Amino acid sequence: MTIGPKKKISKTKWNTRHATWQRLNLVRMSDSYPVAKCKNCGATKLAHHVCSVCGYYKGKQVITIKSKSKGKVIDA
Ligand SMILES: [Zn+2]
């Protein structure tokens, strides 16, 4: 079995895919992208995502965040 691309993709195919990728990222960077406030610390975070500041999701600590400034490690 060969590994890797079997055929070089055409300009049209690449452009179509790249255009879709660009459109998606424009949406992600825009203000309309769903953002929510963390209920624990109040920081702005992505909706349905774990808070990257405190590591809380749905009122529970899901991940441990190691802060670089103080070197504190919070254990869940
Ligand atoms: Zn938070």
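1. Contacts of A47. Leaving aside residues up to four places away in sequence, A47 touches P34, V35 and A36. Here two residues are in contact if their C-beta atoms, placed from the backbone, lie within 7 Å. A47 is found in the loop between strand 2 and strand 3. Its C-alpha atom is separated by 9.0 Å from that of Y33, and A47 and Y33 are 14 residues apart along the chain. A47 counts as exposed because it has 9 C-beta neighbours inside 10 Å. The cut-offs are these: a residue is buried if 20 or more other C-beta atoms lie within 10 Å of its own, exposed if 12 or fewer, and partly exposed in between, with C-beta atoms placed from the backbone.

2. Basis of the note. This is a predicted model, in which local features need pLDDT of at least 70 and side-chain atom pairs count only at pLDDT 80 or more, while totals for chains, interfaces and linings use all residues. Residues are numbered from 1 along each chain as its sequence is written.

3. Overall layout. The protein has one helix and four strands, and from the N terminus on the elements run α-β-β-β-β. Helices (H or I, at least four residues) and strands (E, at least two) are DSSP runs, numbered from the N terminus. Of the 76 residues in the protein, 5% are buried. Among contacts between residues at least 6 apart in sequence, 0% join residues at least 24 apart.

4. Helix 1 covers residues 11–29. Its 19 residues should span 27 Å at 1.5 Å a residue, and the end C-alpha atoms are 26 Å apart, which agrees. The expected span is 1.5 Å times one less than the number of residues. The number of buried residues in helix 1 is zero, so the helix lies largely in the open.

5. Two positive phi values. H48 is not a glycine, yet it has a positive phi of about 60°. H48 is found in the loop between strand 2 (44–46) and strand 3 (56–57). Because it has 9 C-beta neighbours inside 10 Å, H48 counts as exposed. K58 is also a residue other than glycine with a positive phi, near 55°. The place of K58 is in the loop between strand 3 and strand 4 (60–61). K58 is exposed, because 8 other C-beta atoms lie within 10 Å.

6. A residue in strand 4. Q61 lies in strand 4. Q61 and N40 are 21 residues apart in sequence, and 9.5 Å apart in space from C-alpha to C-alpha.
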